[in-house]
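These notebook entries record what I looked up about pairs of charged side chains. I began with the general idea that side chains of opposite charge can pair when their charged atoms come close.

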Amino acid sequence: MKTLKTILAIALSLAMISALCACSIKVGGEETWEYSADTKEGCEQLFNDFFRKTFENTNQVVTVKGNGSLVSTETIDGTSDCITYSTTGADTYSFIKDGEYIYALKDNDSQQYYMVGEENYSYGYFVYRNSIDILADVPEDGVTFACEVKGSSEDGNSTNSLTLELSTDEGSVKITAASENDLVKTVTIVTNDGGETRTTEMTFEYGTASVTLPDISDWEKTEA
């Protein structure tokens, strides 16, 4: 006789299978695949798999444009991160020095300050991710979910594309992304809020990132 725990485990497995529709075809040396989901849980699974290696990579440069204009350039080098904001001319830094987690800012008005602590450090580390990794904060009620991943592999090289769409009565978000060998190369985010549309574009480069940390010995130390 199956226990309640076993029945629940089987039910959960069946739910995940129904949430993800998959198709994989191999012709000669090329293999293609396609996955889709229309639930929050299924979309999260596809999204996390697609972006996992990118979010784990700690040497990358991400250029961000908004409606065609340069917004920022984020350089991640190990545990250090530097963001240059084109619209304001400000530079932010997140880094670890002598065991301390530090977030520092320098702007065009010669304002220079820093804050200490892991929470403050997180303000400036992998910041672009906040615009992409949004599913965890989206409620299930009142939202329509749709996610599709398509890909192919040949001679050890793979390409993938992802399309994630979230919509409500008030607006929508559509994220499209392309990757090569599991590292994301481009992301486009189109938001429609009350009829106002905004497009954010990101491009990624890997393996060339280098952050030069500022000397903050005479900068003002402040609290968040």
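Entry 1. I looked up R52 and found that R52 forms a salt bridge with D49, with 2.8 Å between the closest N and O atoms. A salt bridge here is a side-chain nitrogen of Lys or Arg within 4 Å of a carboxyl oxygen of Asp or Glu.

I noted that this is a predicted model, in which local features need pLDDT of at least 70, side-chain atom pairs count only at pLDDT 80 or more, and totals for chains, interfaces and linings use all residues. Residues are numbered from 1 along each chain as its sequence is written, and side-chain values use heavy atoms, with hydrogens and water left out.

Entry 2. I asked where R52 and D49 lie. Both are in helix α2 (residues 40-56), three residues apart, so about one helical turn separates them. Helices (H or I, at least four residues) and strands (E, at least two) are DSSP runs, numbered from the N terminus.

Entry 3. I checked accessibility: R52 is partly exposed at 39% relative accessible area, and D49 is partly exposed at 43%. Buried means under 20% relative accessible area, exposed over 50%, and partly exposed in between (1.4 Å probe, protein chains only).

Entry 4. I then looked up D182, whose side chain meets that of K53 in a salt bridge (3.6 Å, N to O). This pair links distant parts of the chain, 129 residues apart: D182 is in the loop between β11 (171-180) and β12 (183-193), and K53 is in helix α2. D182 is partly exposed at 31%, and K53 is partly exposed at 47%.

Entry 5. I recorded that a search of the whole structure finds four salt bridges.
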